[in-house]
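Student: I've got the model loaded and want to go through it piece by piece. Where do we begin?

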Amino acid sequence: MRLKLIACKALFRELSYVAALSDNMIDITWLRQGYHAEPELLHALLQREIDAFENGEDPHSYQIRPRRPGDDPKDFDAILLGYGLCSNAVAGLRAKSHRLVIPRAHDCITLFLGSKERYASCFRNIPGCYWYTASWIENGGVPGKERQERMRKRYAAMDYDEETIEYLLEATDGLKNYRNAAFVKMPFGDNARYSAMTRESAAYFGWDYHELEGDLGLIGRFLRGDWNEEDFLVLEPGETAVQSVDERILRKADL
């Protein structure tokens with residue numbers, strides 16, 4: 001199959017690794033990590049990428065157009081979104097002429113852990129957890145001593161006193177309710193260095209440290225085209241997704 005993947009860089013290493021081993025031809029467009037904090041903007045960016053791809057106007061994709069009547073256009077079989085629900089950003093997205101495939105996931109942690117069921121179990125057993133992976137560390141500016149010191153210097157340069165700086169750090173870092181840090185170790189890459197960074201960050205904040213084995217099974221099925229109903233929502237051209245208030249996470253919008 002020929003698959004178009006539009007994905008967040010928070011999944012860069014994992015999706016790239018599996019794509020490189022895939023029998024399918026996978027054309028990838030990356031969006032920078034962090035847009036989940038601005039879901040309306042992320043929604044608009046994703047719809048823009050989908051529309052540009054289908055119109056043959058995006059600068060990323062290798063589209064083979066028929067040169068003569070009767071030529072096989074070798075079109076893409078589907079558009080894949082390397083995102084979860086992501087603060088409802090994927091709800092309402094629509095493709096005009098391709099199937100649109102979205103993992104049933106609240107966010108990318110599900111794809112790192114291999115299933116929404118394992119994600120739910122970890123959410124229960126490790127509450128208040130900030131998740132670290134190699135891709136997230138490289139592309140996301142994760143919490144740690146380095147980021148805190150950088151923010152501290154920025155506020156100091158703005159002539160805030162120490163009491164105000166401490167208040168601003170607590171108010172803007174969004175970490176008040178966290179008490180655990182978990183590193184998801186993948187079967188490739190520089191795990192030792194990044195697990196050490198996660199452990200150091202946990203110690204800096206006074207959090208408990210956890211290390212879990214990553215599972216590429218869900219990503220593997222995603223890029224293979226093994227889109228079972230339990231793990232993936234497959235939208236036909238013109239259909240859209242909405243949030244589902246049950247274990248499915250996403251469902252097709254009613255017509």
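Tutor: With the naming: helices are DSSP runs of H or I with at least four residues, strands are runs of E with at least two, and both are numbered from the N terminus. The model is predicted, so local features need pLDDT of at least 70 and side-chain atom pairs count only at pLDDT 80 or more, while totals for chains, interfaces and linings use all residues. Residues are numbered from 1 along each chain as its sequence is written, and side-chain values use heavy atoms, with hydrogens and water left out.

Student: OK. Which helix is K116 found in?

Tutor: Helix α4, which covers residues 116-125, contains K116.

Student: Buried or exposed, that lysine K116?

Tutor: K116 counts as buried, because its relative accessibility is 10% (buried is under 20% relative accessible area, exposed over 50%, partly exposed in between, with a 1.4 Å probe and protein chains only).

Student: What does K116 touch?

Tutor: Setting aside residues up to four places away in sequence, K116 touches R104, T110, E230, D231, E247 and I249. Contact here means heavy atoms within 4.5 Å.

Student: And where is I249 found?

Tutor: I249 sits in the loop between β9 and β10. With 3% relative accessibility, I249 counts as buried. The backbone there has a positive phi of about 75°, although I249 is not a glycine.

Student: Which loop is the place of S244?

Tutor: S244 is in the loop between β9 (241-243) and β10 (250-252). S244 counts as buried at 6% relative accessibility. Not counting residues up to four places away in sequence, S244 touches I249, L250 and R251.

Student: What about N88, what is its phi?

Tutor: N88 has a positive phi of about 75° and is not a glycine. N88 lies in the loop between β3 and β4 (99-103). N88 is partly exposed, with 35% relative accessible area. From N88 to Y130 is 20 Å, C-alpha to C-alpha, for 42 residues in sequence.

Student: Switching topic: at what angle do the axes of α1 and α9 cross?

Tutor: Roughly 55°: the axes of α1 (residues 12-21) and α9 (residues 217-224) come within 10 Å and cross at that angle. That makes α1 oblique to α9. Axes are lines fitted to C-alpha atoms, for helices over the stretch in contact, and angles run from 0 to 180 degrees between N-to-C directions. Under 35 degrees is roughly parallel, over 145 roughly antiparallel, 65 to 115 roughly perpendicular, and the rest oblique.

Student: Which residues make the contact of α1 and α9?

Tutor: From α1 there are E14, L15, V18 and A19, and from α9 there are I219, G220 and L223. By class, the residues of this contact are five nonpolar, one polar and one charged. Ala, Val, Leu, Ile, Met, Phe, Trp, Tyr, Cys and Pro count as nonpolar, Asp, Glu, Lys and Arg as charged, and the others, Gly among them, as polar.

Student: Which residues touch the most other members in the largest nonpolar core?

Tutor: L80, W131, L223 and W227, out of 75 residues in that core. A nonpolar core is a set of buried Ala, Val, Leu, Ile, Met, Phe, Trp, Tyr and Cys residues joined through side-chain atoms within 4.5 Å.

Student: Take W131. What does W131 touch?

Tutor: Beyond residues up to four places away in sequence, W131 touches I109, L113, C122, W136, A182, V184 and L212.

Student: Now the loop residues. Is Y62 buried or exposed?

Tutor: Y62 is exposed, at a relative accessible area of 53%. Y62 belongs to the loop between α2 (39-54) and β3 (78-82). Leaving aside neighbours within four places in sequence, Y62 is in contact with R2, D27 and F76.

Student: Last one. Where is the place of G238?

Tutor: In the loop between β8 (232-235) and β9. G238 is partly exposed, with a relative accessible area of 35%. Neighbours within four places in sequence aside, G238 is in contact with R94, A95 and K96. The C-alpha atoms of G238 and L169 are separated by 45 Å, and the two residues are 69 residues apart along the chain.
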